[in-house]
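This report covers helix packing, nonpolar cores and model confidence for one protein. The sequence and structure are shown first.

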Amino acid sequence: MIDRIDVKLLDLLQRGGPRPAAELGEAVGLSASACHRRIRALEAAGIITGYTARLNPESIGLGLDVFVDISLTSQSEEALTAFESAVKSFDEILECQLLSGASDYRLRVAARNVADFDRLHRHCLSRLPGVAAMHSAFALRTIKAFEGYPVSSPSTGAEGKTSLPG
C-alpha cells in the first residue's frame, strides 16, 4: 500500500531528484534508514522506474521544441511496429505517443532552430516508414513544464492509501 509518507516521498523525488535519505527522511518524518527502505520498496514495486536530471534545453543549444502529428498509411501491426522501431533510433525525437483521433502519433522533437528542424525533417522525419501525413507545430513558450505525476489516491483524488499494482 502507498501511504501518505510514500506520496510525499514520490512528490519530493519527482520535483527535486534524488537526495540523501537523511534529507528526504527529515522532510517526511522518518529516519534515514527507514526512508531508504521505503524508497527501495517503491523501486522494487516498479513505482519508481529511474532517476534523471532535467536539463535546460537552451543551455545545451536546443532552443526549439516541435510537436509533430503523424498519420500512417496503414494501422496494421507491422506498420505500427516498423514506425515505432524507427522512431526509437533518432535521439532528436524526445517523445512519441500513440494517439486516438485524427493522427496516429505525436512526436516531440528537439532542434537548435528552424534550420535545424528543416534538417531533421528532411533526414529523420521524412525517412520514417509508412508516413502518410505530417503536421508540425512549434512551441513558442513553455507555460508549465512537466515536473512529475500527481501522486494521490486514484479513487478519491486525495492523498491517502492506494493499492500497489500487481
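## A loop residue

Is A53 buried or exposed? The model is predicted, and in it A53 has a relative accessible area of 62%. Exposed means over 50%, so A53 counts as exposed. A53 lies in the loop between α3 and β1. Its C-alpha is 9.3 Å from that of G16, although 37 residues separate A53 and G16 in sequence.

## Confidence

The average pLDDT of the protein is 90, and 92% of the residues score at least 70. Residues 158–166 have pLDDT under 50 throughout. For this stretch the model has 23 contacts beyond four places in sequence.

## Helix packing

Two packed helices are described by the angle between their axes and the distance between the axes. Helix α1, residues 4–16, packs on helix α3, residues 32–44, at an angle of about 80°, and their axes are 11 Å apart. Angles of 65 to 115 degrees count as roughly perpendicular, which makes α1 roughly perpendicular to α3. On the α1 side the contact is made by I5, D6, L9, L10 and L13, and on the α3 side by C35, R38, I39 and L42. By class, seven of these residues are nonpolar, none is polar and two are charged.

Helix α2, residues 21–28, also packs with α3, here at an angle of about 95° and with the axes 8 Å apart. The two helices α2 and α3 are therefore roughly perpendicular to each other. From α2, the residues A21, A22, L24 and G25 meet A32, C35, H36 and I39 of α3. This contact of α2 with α3 has six nonpolar residues, two polar ones and no charged ones.

## Nonpolar cores

The largest nonpolar core is made up of 19 residues. Within this core, the residues with the most contacts are V68, F83, L107, V109, F117 and L125. At least two residues of the core come from each of β1 (64–72), α4 (77–87), β3 (105–111) and α5 (114–123). Strand β1 contributes the most, with five residues.

What does F117 contact once its neighbours within four places in sequence are left aside? The partners of F117 are L64, V66, V68, V109, A111, L125, S136 and F138.

Definitions and conventions. Residues are numbered from 1 along each chain as its sequence is written. This is a predicted model: local features need pLDDT of at least 70, side-chain atom pairs count only at pLDDT 80 or more; totals for chains, interfaces and linings use all residues. Side-chain values use heavy atoms; hydrogens and water are left out. Axes are lines fitted to C-alpha atoms, for helices over the stretch in contact, and angles run from 0 to 180 degrees between N-to-C directions. Helices (H or I, at least four residues) and strands (E, at least two) are DSSP runs, numbered from the N terminus. Angles under 35 degrees count as roughly parallel, over 145 as roughly antiparallel, 65 to 115 as roughly perpendicular and the rest as oblique. Contact means heavy atoms within 4.5 Å. Ala, Val, Leu, Ile, Met, Phe, Trp, Tyr, Cys and Pro count as nonpolar, Asp, Glu, Lys and Arg as charged, and the others, Gly among them, as polar. pLDDT is the predictor's confidence in each residue, from 0 to 100. A nonpolar core is a set of buried Ala, Val, Leu, Ile, Met, Phe, Trp, Tyr and Cys residues joined through side-chain atoms within 4.5 Å. Buried means under 20% relative accessible area, exposed over 50%, partly exposed in between (1.4 Å probe, protein chains only).
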